[in-house]
Protein chains: 2
Amino acid sequence: VITNDAIVEGVHFLSADPPAEVARKLLRVNLSDLAAKGAEPYGYFLAIAWPRGFGEAERAAFAAGLAEDQAQFGIKLLGGDTVSTPGPLTASVTMIGWAPSGAMVRRDGARPGQVLMVTGTIGDAGLGLKAAQGFLEGEGAEMLAARYRTPEPRLGLHDALRAHASACIDISDGLIADAIHIEEAGKVALQIDLERLPLSPAAQSWLALQPYPSGALVELATSGDDYELLLTADVSAALPLAMAAAAAGVALTPIGRIHEGEGTAILHHGRPVLVQKTGWRH
Amino acid sequence: VITNDAIVEGVHFLSADPPAEVARKLLRVNLSDLAAKGAEPYGYFLAIAWPRGFGEAERAAFAAGLAEDQAQFGIKLLGGDTVSTPGPLTASVTMIGWAPSGAMVRRDGARPGQVLMVTGTIGDAGLGLKAAQGFLEGEGAEMLAARYRTPEPRLGLHDALRAHASACIDISDGLIADAIHIEEAGKVALQIDLERLPLSPAAQSWLALQPYPSGALVELATSGDDYELLLTADVSAALPLAMAAAAAGVALTPIGRIHEGEGTAILHHGRPVLVQKTGWRH
């Protein structure tokens, strides 16, 4: 299983983000791609273009971030290319992982009658970007910014995903945008119940202050960078999946259903909610 | 076999270079890496950052260049990432190829007594860069510029390389710089005889006008972007290698020997030549 993701300073991360955290996020967004395939990571190639103003100390911090996550996830730097650029810091990772032959989880297997589930909590990274930009303050702002800067790839679920998930995708563009990818690939209809979205205490506190809960929930479900897994499975598989998630220390929450037809319906307490912008496009 | 190379506008290619040729060169430098390993290409991942001023027509021309060489070399675009950048055009290719298990050619196998050989002709791309920049005119200038813009990966030699080459590298930094890579990896000493360098008619014409032939030959041997193969083999393998090269329509020229010891000696008619800068570093 091979993934390839690129990042550009000022587009995918803030110039003020610490270099070590940029490096870790670059690895983690690729690791998250592997997690969604039920794959286990092996190593990666890094192509990086250093800007002229990015000095020895920043490069060392970037390398230290890579080293930290290489150790944490048991992956190796296999090769790559280092060049200079007159433009912004630009980096591309090609990550290689393994899954048993035929066991890789695809995004096109959702079937009518199945349930839609999501790991962890949704919307923290979107709020965290606001916090990192200084637009959100108070209790929890630091945790939210950390969720934006350092996503947690859900690699611990590979056995359960291979055994039970009919489709899976990692949420990078936003919950609704990525749900639509599952809907379109599977040629099915989806229903997402916004009141079932798993929210962190910090996101719940933020939600309680918003005048329009439906709109605020849509905002959480369309902000990107969650890097949680969105998956579909038979109803009978929900229990073994939940047990595997619990063993891996990750929440797994049913948030909707698969139906015959097409389209993704967004409901709040049973009422359709209008979504104007389904997610974030870099 | 996996290779990864990145290019940046203004660093690795000229802003005035046609987009289709930039795309083809990006594929070809990676294909050349595979050729040096005795590998056959399968497909590639492309991470590309489009500058804001790079419009629809330029992107279409770039894509047409990719399509042309995909067809020519029988490779597929397997995936990748497309992002925008406020900086220069930046692109990274991760190319995947195959070689039979254990048959991949490495760069560390040179042994004392063996011969050093090179494919094609040396120095054309260095002169071609001057031609593309308008610093070199006259007969042959267009051919030289084409050699700079569109290198020819020497993929036709994979069977012979697997069977006979003890070490191989493709020349990207410059003949001498890449020879030093073989020397250092193999823990041997190299001798390169400058008068044996294979030169194109255009390079021979240029050489005839230079006041100091030794220095001019060093210039050709240290300008980069040749993308020819530099390899070592037993003396007894020189004939089968030459026959395989002839069958593939590529010249293969012995240019030196491997000795015990360390260091790379550059000789011109038996006399040592001082080399101040061994090659080009991007």
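**View 1. Area buried between the chains.** Chain A and chain B bury about 1,800 Å² between them, 65% of it from carbon and sulfur atoms; buried area is the accessible area (1.4 Å probe) that two parts lose on being put together, summed over both. The model is predicted: local features need pLDDT of at least 70 and side-chain atom pairs pLDDT 80 or more, while totals for chains, interfaces and linings use all residues. Residues are numbered from 1 along each chain as its sequence is written, chains are lettered from A in the order in which they are written, and side-chain values use heavy atoms, without hydrogens and water.

**View 2. Elements of chain A at the contact.** On the side of chain A that touches chain B, two or more residues each come from strand 1 (2-8), strand 2 (40-51), strand 3 (76-85) and strand 4 (90-98); strands are DSSP runs (E, at least two residues), numbered from the N terminus.

**View 3. Residues in contact.** Chain A gives 25 residues to the contact and chain B gives 25 residues, contact meaning heavy atoms within 4.5 Å. Of the interface residues of chain A, 100% are also interface residues in chain B, so the copies meet through the same surface.

**View 4. The axis relating the copies.** Chain A superposes on chain B by a rotation of 179 degrees with 0.0 Å of shift along its axis (RMSD 0.0 Å), fitted by least squares on the C-alpha atoms of residues with pLDDT of at least 70 in both. The two copies are thus related as by a two-fold rotation axis. In chain A, the C-alpha of Gly87(A) is the nearest to the axis, 2.2 Å from it.

How values were computed
Helices (H or I, at least four residues) and strands (E, at least two) are DSSP runs, numbered from the N terminus.
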